[in-house]
Every structure is written in structure tokens, then in C-alpha cells.
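Open the model in a viewer and keep the sequence panel beside it. The stops below are given in the order in which to select them.

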Amino acid sequence: MFMTISLWPVLGMLLLVTAACYLLGCFNGAVIVSKYILRDDVRNHGSGNAGLTNFYRTFGGPLTAVVILTDVLKAVIAVLLGSWLLGFIDPLFGKYWAGLFCLLGHMFPCMFHFKGGKGILSGGTIAIMIDWRIALVVWGGFLLLTILTRYVSLGSLWAGASFPFVTWYCYPDPVIVVLGFACGGLVVWQHRANIKRLLSGTENKFSLHRKS
């Protein structure tokens, strides 16, 4: 992938995309809306997670759409940016690289004390932007498990765990597969507390009716 390209332009673009996509990821919709619009940080409620599910359970209302839009748009912009700026290496590599650092920014935002979300909405958007086949497996399993069990976390674990394997199937390039496992592994790692609660039977089920 890199053999016919001069090293310095590669390193320069990698650093640029890394920084830009990480900072894009830091724009966490749940934190921004709750902290600066509602004046009540979502991380002080429920699971303490700065994600869509906890925001909806805590606040509900039309501002949930703003959270969704923010987390989707930043992922779209990051993947497009990576594909464009790293296209001279490989557009697919650019998408995965950008997606990885967008997820890192979402999960560990420097502007919010490195306490962010779990990356499902942004990660799912990244999957759509990369390949419809990957998105079909990731989103199909997520929706099926969530609907059947009402455990969003179970669907989320499927999404994170399946992403690297379907990447491997669609793009058996070692570099791409490693990036796929990094992205999926981050999502699974962020759900480690949910895994414990699922095993102990204390995990909360999703309801369209938020708690008062």
C-alpha cells in the first residue's frame, strides 16, 4: 500500500487526518446538547454515558434529533475527509483510518475530560460510509437483537464484534483488517460494563417511554 509513495507526504497527511478526525469526533452531540442547551450534563444521569440511548432515557424530546444529527454528520465528514486526503494512498484505507480516529474522539473527547460515548451511532454511520455490505451485517444484527431482546447493549456488542469480521470478509487486506479490528474492539471495550450487567441480569431494557 505504501511502497510506491514517498514517506513524508504519507506521514503529513496521516497526521492531518488523524488530528482533524479526532477533533471532529470530539463534538459529542449528547454532551453538547445536554451541557450547553439543557444546562444539565447527561453524564450526571443514568449510566453516566454520553451517548444517544442515555440522552433519550434522561431527556427525550425533539433535541434527541439534534444529538443524532451531530453524531451522524461528524462521522460522514470524517470518512469523506479521510477518503479525500488519503486517496493518494488508498481511499478505503482513508475511510478506515478516519473512522478509527473519529471514534476515538467520540469516546475520549479531549474537550470533555476524555469522557464520551460508546460509538454506536457514529460507528454505524462509518459502516454505512465504508460499504453497504458491512452496514447491512452491522445494522441488521443490531436492529434484530435490539428489537427481540430490548437490550440496546446486546445489539451494540453485535455491531462492534461483527464489524472486523465482515471487514475481513469484504476486504482481506492486512492493514484494513487491523483497522477494522481496532474500530470494532473499541466499541466492544466501551461496553464492558454492559457485558457485566447482561451476565448478571441487571442490564436495563430499552423503552420508547423515557423514565420520568
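A residue is called exposed here when its relative accessible area is over 50%, and buried when that area is under 20%. The model is a predicted one.

**Two loop residues with positive phi**

Select Arg39, in the loop between helix H2 (29–37) and H3. Its relative accessible area is 66%, so Arg39 is exposed. The phi angle here is near 60 degrees, a positive value in a residue other than glycine.

Next take Phe114, in the loop that runs between H5 and H6. Phi of Phe114 is also positive, near 60 degrees, and this residue too is not glycine. Phe114 counts as exposed because its relative accessibility is 51%.

**H2 against H4**

Show H2 and H4 together. Their axes come within 8 Å and cross at roughly 135 degrees. An angle over 145 would count as roughly antiparallel, and 65 to 115 as roughly perpendicular; H2 and H4 are therefore oblique to each other. The crossing of H2 past H4 is right-handed. To see the contact, select Gly29, Ala30, Val33 and Ile37 on H2, then Leu63, Val66, Val67, Thr70 and Asp71 on H4. Coloured by class, this contact of H2 with H4 shows six nonpolar, two polar and one charged residues.

**H1 against H5**

Move to helix H1 (residues 7–25) and helix H5 (residues 91–107), whose axes come within 7 Å and cross at roughly 40 degrees. H1 and H5 are therefore oblique to each other, and H1 passes H5 in a right-handed crossing. On the H1 side, select Leu14, Val17, Thr18, Cys21, Tyr22 and Gly25. They meet Phe93, Trp97, Ala98, Phe101, Cys102, Leu104, Gly105 and His106 on the H5 side. The residues of the contact of H1 with H5 comprise ten nonpolar, four polar and no charged.

**The cysteines**

How many disulfides does the count come to? The count is zero, with a pair of cysteine sulfur atoms required to lie within 2.5 Å. Select Cys110 and Cys26: the closest cysteine sulfur to that of Cys110 is in Cys26, 4.0 Å away, which is too far for a bond. Cys110 is partly exposed, because its relative accessibility is 36%. Then select Cys183, which is in no disulfide either; the nearest cysteine sulfur, that of Cys102, is 9.7 Å away. Cys183 is buried, with a relative accessible area of 4%.

**H6 and its cover**

Select helix H6 (residues 120–130). Is this helix mostly covered or mostly uncovered? H6 is mostly covered, with nine of its eleven residues buried. The buried residues are Ile120, Leu121, Ser122, Gly123, Gly124, Thr125, Ile126, Ala127 and Ile130.

**His191**

His191 is buried, because its relative accessible area is 3%. Leaving aside residues up to four places away in sequence, His191 touches Lys118, Ile120, Ser153, Ser156 and Leu157. Of these, Ile120 is one of the buried residues of H6.

Note on methods
Residues are numbered from 1 along each chain as its sequence is written. This is a predicted model: local features need pLDDT of at least 70, side-chain atom pairs count only at pLDDT 80 or more; totals for chains, interfaces and linings use all residues. Side-chain values use heavy atoms; hydrogens and water are left out. Buried means under 20% relative accessible area, exposed over 50%, partly exposed in between (1.4 Å probe, protein chains only). Contact means heavy atoms within 4.5 Å. Axes are lines fitted to C-alpha atoms, for helices over the stretch in contact, and angles run from 0 to 180 degrees between N-to-C directions. Helices (H or I, at least four residues) and strands (E, at least two) are DSSP runs, numbered from the N terminus. Angles under 35 degrees count as roughly parallel, over 145 as roughly antiparallel, 65 to 115 as roughly perpendicular and the rest as oblique. A crossing is left-handed if the near helix is turned anticlockwise from the far one by less than a right angle, and right-handed if clockwise. Ala, Val, Leu, Ile, Met, Phe, Trp, Tyr, Cys and Pro count as nonpolar, Asp, Glu, Lys and Arg as charged, and the others, Gly among them, as polar.
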